[in-house]
Amino acid sequence: MQNTHKYILIIGSGTMGSGIAHSFAQFGFQVFLCDSNAAALNKAMLQISTNLERQISKGIIPDSEKETIISRITPITDFKEAAKTVSLVVEAVPELLEIKADLFKELDMHCPPETILASNTSSISITTLASYTSRPEKVIGMHFMNPVPVMQLVEIINGLLTSSETTRRIEEISTQLNKIPVQTADYPGFISNRILMPMINEAIYCVQERVAGIAEIDQIMKLGMAHPMGPLQLADYIGLDVCVNILNVLYKGFGNPKYSPCPLLVNMVHAGLLGSKTKKGFYDWTNPKNLVSNDIIL
């Protein structure tokens, strides 16, 4: 009989989903990685292999472990059967309430009553997501940081009805992944993005108002504030569309104009300049030196 406590379902195989799957598999969990798009799944598995090679080159894991870690990940395009066998689901689908709500309804139908449903959401209310299930005490936020295999923080978000046992279990699992769990209450953006996104938004306003250039703004924040990456480069890395979605959640949740997405940010998203994932944003990601993009016309 399988140990269901070691069986995890990750839904969404994008940057975050693949990174979460990588981390769970690295630390001994059996992972089902689900995405309805088979091509996206193949891409995710290739990325996990590449990232494992990077860890090997840095001496983080021995070369002999790579195939073992990959063997712990089973890519699937439908989660219904896998959902019956897991103790934890972590969803990492797009940051849109309607998508997550439909998913939580379906997960609630197919998962055993004891299964914990966790969301990697960076801003959406855990209490709201829990309302689409019959197990609000077992719904929790498990917000990983990008790149997941590298970053130590897991932001743990308790919904209004999340049980203390669910919180304890998720903190325990986070520790097993060699992460540091930090709790926050269920308010828009939690802590990480409530503080980060206004900073990114203000940096974009500085570009729009020609206060300084893109490279100069990032350099000031790196050299003056000891940030490892400037806010504009970080926005590209997160995805400008994701930044807009998070800011909209903050704006709707608090009703404060300071959270309204900068017009330049909105225009860039409409133009398809989403950052590193489209190879163009504030920076040109086709260039190894990430030179400032020439596509931004002010």
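Where in the chain is the place of lysine 279? Lysine 279 sits in the segment after α12 (263-270).

1. **Basis of the note.** This is a predicted model, in which local features need pLDDT of at least 70, side-chain atom pairs count only at pLDDT 80 or more, and totals for chains, interfaces and linings use all residues. Residues are numbered from 1 along each chain as its sequence is written, and side-chain values use heavy atoms, with hydrogens and water left out.

2. **Lysine 279 and asparagine 290.** Helices (H or I, at least four residues) and strands (E, at least two) are DSSP runs, numbered from the N terminus. Lysine 279 has a phi near 70 degrees, a positive value in a residue other than glycine. Asparagine 290 is also found in the segment after α12. Its phi is near 50 degrees, again positive in a residue other than glycine. Buried means under 20% relative accessible area, exposed means over 50%, and partly exposed lies in between (1.4 Å probe, protein chains only). Lysine 279 is partly exposed, because its relative accessible area is 44%. Asparagine 290 is buried, because its value is 15%.

3. **Two annotated spans.** UniProt positions are given in the numbering used here; feature names are shortened, and annotations may be inferred rather than shown by experiment. In an unreviewed entry, UniProt lists residues 9-186 as "domain: 3-hydroxyacyl-CoA dehydrogenase NAD binding". That span is 42% helix and 21% strand, and its end C-alpha atoms lie 23 Å apart. The unreviewed entry places "domain: 3-hydroxyacyl-CoA dehydrogenase C-terminal" at residues 189-285. Residues 189-285 are 62% helix and 0% strand, with end C-alpha atoms 27 Å apart.

4. Two strands pair if DSSP finds at least two bridges between them. Strand β4 (residues 88-91) pairs with β5 in the parallel sense over four bridges. Here valine 89 stands opposite leucine 117. From β4 the chain crosses through helix α5 (residues 97-110) to β5, in a right-handed β-α-β crossover. Right-handed means that, with the strands pointing away from the viewer, the path from the first strand over the helix to the second runs clockwise. β5 also pairs with strand β6 (residues 139-144), in the parallel sense over three bridges. Serine 119 has glycine 141 of β6 as its bridge partner.

5. A cis peptide bond joins asparagine 146 and proline 147, with omega about 0 degrees. Proline 147 lies in the loop between β6 and β7. Leucine 153 is found in strand β7 (residues 153-158). Leucine 153 counts as partly exposed because its relative accessible area is 32%. Asparagine 178 lies in the loop between α7 (164-176) and β8 (180-185). Asparagine 178 is exposed, because its relative accessible area is 51%.

6. **Salt bridges.** Side chains of opposite charge can pair when their charged atoms come close. A salt bridge is a side-chain nitrogen of Lys or Arg within 4 Å of a carboxyl oxygen of Asp or Glu. The whole structure holds 12 salt bridges. One of them joins glutamate 95 and lysine 100 (3.7 Å, N to O). Both glutamate 95 and lysine 100 are buried. Another joins glutamate 165 and arginine 168, with the closest N and O atoms 2.6 Å apart. These two residues are about one helical turn apart, because they are three residues apart in helix α7. Glutamate 165 is partly exposed at 43% relative accessible area, and arginine 168 is partly exposed at 39%.

7. Lysine 277 forms a salt bridge with aspartate 241, the closest N and O atoms being 2.9 Å apart. The pair links distant parts of the chain: lysine 277 is in the segment after α12, and aspartate 241 is in helix α11 (residues 240-254), 36 residues apart. Lysine 277 is partly exposed, with a relative accessible area of 48%.
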